[in-house]
Amino acid sequence: MEKNDENITEPTGINLFGKVYNLNEQQKDAVLNCDGNMSIIAGAGSGKTRCLIGTIAHLIYIGHDPSSIVAITFTKKAHHEIKMRLTNLIGEELTQQINIGTIHSYAYRTLQRVMDINYTILDDT
């Protein structure tokens with residue numbers, strides 16, 4: 001895979017798709033050095049979502065297929081926030097190719113694909 005990482009670092013972040021994406025030094029290190037699975041554990045307001053968005057955008061920027069990327073969240077609110085931020089950074093076409101969803105929706109889609117059966121989930125909400 002051909003890497004496209006020339007002139008990617010900026011004093012305040014990284015240059016992705018012609019935009020400077022602001023990151024602190026720890027976030028920049030995490031975004032630029034992701035070689036596989038990633039788990040972000042940090043406190044509220046520390047930039048977890050910003051780091052995740054930067055990592056996904058960087059992986060696509062250096063040539064990874066967007067459809068090979070899976071981003072799993074626990075809440076629908078986080079799912080929508082990630083999709084909105086990615087769309088603003090990389091565009092709607094690339095964002096739609098990424099597998100983004102809650103753990104429950106991802107499991108549901110996987111079971112439908114693997115089991116090839118039609119079923120309904122009962123939900124009291």
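**View 1. Alanine 71 stands opposite isoleucine 100 in strand 5.** The model shown here is predicted, so please read each close-up with that in mind. The pair belongs to two strands that run side by side: strand 4 and strand 5 (residues 99-102) are parallel and are joined by four bridges. Ala71 and Thr73 make up the covered face, while Val70 and Ile72 make up the uncovered one. This is a pattern to remember: in a regular strand the side chains alternate between the two faces of the sheet.

**View 2. The largest pocket has a volume of about 870 Å³.** Its lining is made of 31 residues, and the closest to the pocket's centre are Met38, Ser39, Ile40, Leu52 and Val70. Helix 2 gives the most, with seven residues. Sorted by class, the lining holds 17 nonpolar, 10 polar and four charged residues.

**View 3. The largest nonpolar core has 21 residues.** To find your way around, start with the residues that have the most contacts inside the core: Leu16, Tyr21, Ile56, Leu86, Leu89, Ile90 and Ile98. Strand 2 (13-16), helix 2 and helix 3 each supply at least two residues of the core. Helix 2 gives the most here, with seven residues. There is a general idea behind such a view: in soluble globular proteins, nonpolar side chains tend to be buried together.

**View 4. Leucine 86 and the residues it touches.** Here we zoom in on one of the core residues with the most contacts. If residues up to four places away in sequence are not counted, leucine 86 touches Ile53, Ile56, Gly91, Thr95, Ile98 and Ile100.

**View 5. Valine 31 sits in helix 1 (residues 25-32).** Is valine 31 buried or exposed? Valine 31 counts as buried because its relative accessibility is 1%, and the cut-off for buried is under 20%. Who are its partners? Leaving aside neighbours within four places in sequence, valine 31 is in contact with Ile14, Leu23, Cys51, Gly54, Thr55 and His58. For a sense of distance, look at alanine 57: this residue is 26 residues from valine 31 along the chain, and their C-alpha atoms are separated by 9.1 Å.

Terms used
Residues are numbered from 1 along each chain as its sequence is written. This is a predicted model: local features need pLDDT of at least 70, side-chain atom pairs count only at pLDDT 80 or more; totals for chains, interfaces and linings use all residues. Side-chain values use heavy atoms; hydrogens and water are left out. On a 1 Å grid over the protein atoms alone, a cavity is a set of points where a 1.4 Å probe fits but cannot get out, and a pocket is an open set with protein on both sides within 12 Å along at least five of seven lines; lining residues have an atom within 4 Å of a point. Grid points are joined across faces, edges and corners, and a volume is the space filled by probe spheres set on the points. Ala, Val, Leu, Ile, Met, Phe, Trp, Tyr, Cys and Pro count as nonpolar, Asp, Glu, Lys and Arg as charged, and the others, Gly among them, as polar. Buried means under 20% relative accessible area, exposed over 50%, partly exposed in between (1.4 Å probe, protein chains only). Two strands pair if DSSP finds at least two bridges between them. A nonpolar core is a set of buried Ala, Val, Leu, Ile, Met, Phe, Trp, Tyr and Cys residues joined through side-chain atoms within 4.5 Å. Contact means heavy atoms within 4.5 Å.
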